[in-house]
Amino acid sequence: MTETDDYEHYEAVVVGCGPGGAAAAAALANNDVETLVLERGVDAGSKNVSGGLVYAEESSPYTIDDLFPDFREEATERPTTENYIHNVAGDQVASFDISSLHHHDSEWSDAVLRRKMDSWLAERVHEMTRETGGGLLTEVRVNGLLRENGEIVGVTTSELDPIKADLVVAADGVNSELARDAGLMDWEDPDEWFQGVKAVVEMDPEDINERFGIEEGEGHAHLFSGDLFDGVRGGGFLYTNEDSLSIGTVFHLDSLTEEEAEPHELLDNLLTHPLLAQWLGDDYEELEYSAKLVPDSKKAAHPSPHQDRLVLVGDAAGQMQAQGPIIKGMNHAVTAGALAAEAFVDAKARNDPHAAGDLYEQKLRDEGVMEKLRPRSYRTLGKLAEADPISKVTDAVADSAIGRAGVNLLGPGILERLFSSPRMMAVMPDTRTPYVTIPTIIAEELGERVDADNTVEPPELDDRIGDLTYDVGDPHIELVDNSFEASGTAVTACPVSAKDFGGGCYRDEHVKTNGSEEHLVSLDTQPCVECGTCAVVADTHWEHPDGGKGVEYKQG
Amino acid sequence: MVDIDPTEHEIAELGPEVNQIDDVDELEAMLALEEDGEDRQPVKTLIESRIETLEADDEAVDPETVDLTDLTIADIANLVRDVDDVDVLEDMLEREAGGNDRKGAKEQIENRIDSLEGSGDEEPTEVEYVPPEEKYPDLDHPTADKQYVEGVSGERYRDMWVYCETQQGELIDVAKEMLGKARELMDEYNSDSDAEGAYGGDEDGEPEDVVAVVIGSDVEDLAEEAVAYGADRVVYHDDERLERFRHKPYTEIYAHMCRDFEADWRDYHEPRYNVFPATNNGRDLSALVQGELDSGLASDCSDLYIENAMISNPAKTGTPGDSREFERVLHMPRPDFSGFEYSTILCIDKPHRDFHPQGASVIPGAFDLPEPNHDREGELVEHDLDLPEEWFQIEILEADQLDEGVDLTGNDVVVALGRGIGDDPTAGIELGVDLVDQFENADLGFSRGVLTASYQFAGHVEQYVNMERQIGESGQVVEPEVYIAAGISGAIQHKVGMDESETIIAINDDPDADIRDFSDYFIQGDLFEVLPRLTEAVEAGELSAVAQEASDD
């Protein structure tokens with residue numbers, strides 16, 4: 001007898017009720033596995049942000065509407081019927097229709113707002129898991145792994161007694177505390193991450209239809225790249241929802257920190273670009289400002305995302321595919337969640353439930369998920385092109401007369417096809433070349449001037465923060481080293497902080513003591529949106545707030 | 001003649017009709033009509049079965065003569081239930097023994113005899129009391145050797161007792177609140193009104209009292225005060241060793257007062273009701289005392305009322321299927337699940353074991369603080385008990401009083417400093433304090449940004465830099481006559497803490513600072529220059545003139 005024998009036991013505990021956790025729980029429940037789902041938000045989706053497109057891939061063994069019938073009717077916004085990419089240089093814009101790239105292997109793709117989507121999923125999950133003797137509990141934060149003789153046997157929480165399980169599914173998102181507790185993920189390298197910020201903009205459905213030239217039941221997805229982001233590697237997006245737009249920007253975190261760029265200002269660059277005037281009109285009303293860290297699966301997707309009884313699913317395992325204009329995360333989380341469940345059921349049938357992790361890893365490979373997340377072609381070609389001297393040469397070549405002539409020679413038709421080639425996109429290196437240099441040249445050479453007058457005045461950062469809903473609990477982030485040298489990057493990189501802005505999380509301060517002056521950083525977690533950026537770029541001890549505390553997104 | 005000719009009706013209609021007829025002759029006539037007419041078998045069965053039922057009722061079995069060998073054990077069980085004469089039962093027992101001699105049948109008769117002999121004139125109960133130790137000899141009975149698990153029944157209980165906690169030599173507010181409520185409850189209890197909680201006094205019509213309990217050192221004055229707040233009688237124990245709350249002596253004293261204390265007015269077994277405050281000490285004491293008195297406790301109650309309660313739980317009524325009305329029950333509503341639900345707790349006697357005093361602890365602030373009436377009269381009773389040294393084995397070596405905290409509300413003037421002091425935080429606070437000192441009723445506050453900063457402050461101003469001085473959403477909300485905000489930009493989180501102020505004067509070097517939108521006067525400038533000038537102006541009595549001059553509003 002050990003004392004842990006007294007703890008409550010479930011066959012499976014699923015941590016987090018986003019799409020990955022929901023899919024795992026649904027697939028487990030479908031197989032009569034007693035499943036408990038723990039969600040730290042006041043409601044599923046209240047902590048979750050995504051750019052906003054969920055895909056169903058033809059090649060995938062599971063799609064979200066397989067597991068949750070009526071998903072598209074009940075939980076999504078508009079389907080994407082047209083896709084464009086805009087290459088921007090100043091007010092010159094070259095736009096390409098890349099619908100074929102997005103329709104490649106896509107059964108469908110819909111825009112979503114995560115609060116609505118995830119809370120709908122959570123209700124289904126609760127109904128399904130309750131049948132198995134489990135259910136969904138919100139406002140419970142799982143804060144670590146329960147170990148017995150060094151082996152993972154369950155989870156610990158801030159609100160409840162520890163819980164034992166034969167399977168622990170960590171679907172606790174990009175800042176997964178379980179993945180870090182197990183040593184499977186870390187926050188070390190900025191180049192493994194993207195940071196996205198997003199504004200949800202209120203808009204009458206009639207206005208959306210008119211401004212985008214679409215009907216009810218149709219929707220647009222626009223991507224933006226080029227020189228409108230001050231040289232920071234990344235791009236922008238705009239998706240149409242039922243009665244709002246999701247407009248955001250996603251940047252490589254290493255580039256964001258190198259350039260000391262302010263994410264909210266880069267978002268404003270997009271919002272105020274003349275190109276967007278046609279869609280935003282004169283009545284800009286921002287409903288919500290949000291931010292999220294995004295793993296770059298090419299580098300961060302864990303090839304073996306399991307340990308003992310623990311399996312990682314979705315963002316927690318780095319399963320977020322971002323290759324050029326292809327940004328797919330939720331569908332992979334769904335597939336992974338369902339495969340993890342499948343693996344557990346198989347393992348149980350073989351009378352060895354604790355072998356689920358190995359089976360899960362095998363299924364991720366056999367079903368082609370791993371190849372999508374970490375394409376072999378990128379590992380050879382893309383990585384090579386990222387080596388600094390080579391990328392400089394590529395950059396220079398593209399920008400030379402020869403490169404320019406090439407762009408002109410290729411012409412818009414071929415470029416459009418190139419952008420539309422999934423193979424090309426998977427190879428694309430993470431350098432300035434594809435994100436900034438080439439789109440800028442394309443726009444300069446092939447673009448047309450946009451002379452519309454954009455009247456949008458995005459809210460100031462303090463108003464964006466003021467509009468978010470928080471329940472300030474105890475500080476959940478501890479600044480371990482408050483010297484500017486160690487943690488100063490957070491002042492600009494944090495999406496709710498800025499230089500010379502005293503109302504954010506991170507503020508830089510010159511403190512005079514005994515005649516000498518120190519350059520320090522101070523932290524107030526009150527406006528924290530829990531994106532995790534500072535965990536990577538600053539020296540912190542980072543945890544999530546306890547269940548029900550912290551930021552609450554209404555849109556997500 | 002019959003009222004209903006069955007041949008004229010469908011069988012579905014006949015069912016209810018037939019079952020209302022009590023006259024066997026009429027039924028026989030109907031049966032004849034049916035046989036002559038339609039002659040439907042189901043209808044005949046219906047009528048015949050009704051006739052059978054009526055005849056069965058008539059031929060009541062006489063237990064004195066019936067042949068027991070004709071009866072099943074169940075028949076016998078039904079039969080003996082109506083027999084009240086033990087002699088008849090004894091006779092039946094003999095007959096059964098001489099006849100079939102069924103063990104089950106004899107048990108039924110014996111049980112009935114036991115129940116009649118045991119319960120005297122009382123209503124017979126079907127569930128016989130067997131002490132748990134005998135009923136379940138294989139189980140542990142942890143309370144079996146507890147002196148005061150008494151299992152008494154039919155004892156006398158009176159009065160509402162209120163534990164009046166003291167702190168720093170004063171009655172705490174919740175004690176007064178409880179006395180006020182107890183007074184209200186017992187006044188109604190003793191009245192003859194039609195209200196549900198009115199009983200016209202105890203079972204003999206004598207009024208019951210509010211008894212306050214005060215335990216501590218030098219508490220006689222507090223006992224007087226308890227009378228002013230509504231007590232009829234105050235039992236107090238004074239001992240300098242009782243200066244601070246300690247579990248053992250406080251529990252022993254309180255329990256002794258309730259149970260063993262001999263006084264001519266206390267001619268009852270234990271109090272009827274015990275009410276404690278749900279403070280830290282009150283929660284401890286209430287649980288210990290109610291446990292010691294072998295009763296129950298509803299903790300953290302938000303209301304109290306006295307009413308009758310209809311109870312059907314057989315553990316309480318003693319008879320499955322029956323409901324019984326319990327009188328004078330203290331109803332104790334309390335929040336569950338952080339207030340999502342309320343439960344009303346009742347503490348009710350059960351057969352062979354009383355649950356008195358009915359005990360509650362009450363959340364501070366649940367009842368209104370009453371006005372004291374110093375002309376009220378009441379009896380003070382000093383409790384007399386030697387306190388053995390072993391009750392004081394726990395010694396209090398040191399005690400510390402927590403700071404009361406800073407209350408910025410209620411000031412005429414609040415000077416609030418923001419991150420504008422960042423260039424020289426110590427000087428900024430000095431300037432703020434200088435200005436505060438110009439007013440009689442003023443204090444210093446901060447925006448959250450200052451309190452979470454890494455600023456270093458010199459020792460003499462550090463005392464001010466305290467989260468308790470935070471103004472805003474996560475701090476205090478103030479509404480002074482004059483709010484002076486220096487170096488505060490006016491984020492929404494700060495605004496909610498101060499925008500109800502009568503007059504808002506803002507000092508900021510940024511002309512676009514948000515605070516300008518909700519200030520009455522906006523002084524654009526460096527607070528390190530403006531604050532000293534404001535201080536001078538106030539000193540000279542020219543504040544409004546300076547503000548007017550500097551303001552561009």
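**Close-up views of two interfaces**

Across the interface of domain 2 of chain A and domain 3 of chain A, 4 residue pairs are found in polar contact, both partners being at pLDDT 80 or more, in what is a predicted model.

**View 1. Secondary-structure elements on the domain 2 side of chain A.** The side of domain 2 of chain A that touches domain 3 of chain A draws at least two residues from each of β11 (193-202), α8 (253-258), α9 (263-271) and β15 (286-295) of chain A. The most is given by β15(A), with 4 residues, and by class this side of domain 2 has 10 nonpolar, 3 polar and 5 charged residues.

**View 2. The salt bridge between domain 2 and domain 3 of chain A.** The count between these two domains is 1 salt bridge; A:E260 forms a salt bridge with A:K499, with the closest N and O atoms 3.6 Å apart. Domain 2 and domain 3 of chain A bury about 1300 Å² between them, of which 62% lies on carbon and sulfur atoms.

**View 3. The contact of chain B with chain A.** Here 15 residues of chain B meet 21 residues of chain A, and the two chains bury about 1300 Å² between them, 42% of it on carbon and sulfur atoms. B:R419, B:R448 and B:S454 supply 37% of the area that chain B buries against chain A, more than any other three residues.

**View 4. Polar and charged pairs between chain B and chain A.** This interface holds 2 salt bridges, and B:R419 forms a salt bridge with A:E509, the closest N and O atoms being 2.8 Å apart. There are also 6 residue pairs in polar contact between the chains, both residues at pLDDT 80 or more. On the side of chain B that touches chain A, α14 (448-451) and α16 (492-495) of chain B each supply at least two residues, and the residues of this side divide into 3 nonpolar, 7 polar and 5 charged.

How values were computed. Residues are numbered from 1 along each chain as its sequence is written. Chains are lettered from A and ligands numbered from 1 in the order in which they are written. This is a predicted model: local features need pLDDT of at least 70, side-chain atom pairs count only at pLDDT 80 or more; totals for chains, interfaces and linings use all residues. Side-chain values use heavy atoms; hydrogens and water are left out. Buried area is the accessible area (1.4 Å probe) that two parts lose on being put together, summed over both. A salt bridge is a side-chain nitrogen of Lys or Arg within 4 Å of a carboxyl oxygen of Asp or Glu. A polar contact is a pair of N or O atoms within 3.5 Å; within protein, one must be able to donate a hydrogen and the other to accept it, and residues adjacent in sequence count only if both atoms are side-chain atoms. Ala, Val, Leu, Ile, Met, Phe, Trp, Tyr, Cys and Pro count as nonpolar, Asp, Glu, Lys and Arg as charged, and the others, Gly among them, as polar. Contact means heavy atoms within 4.5 Å.
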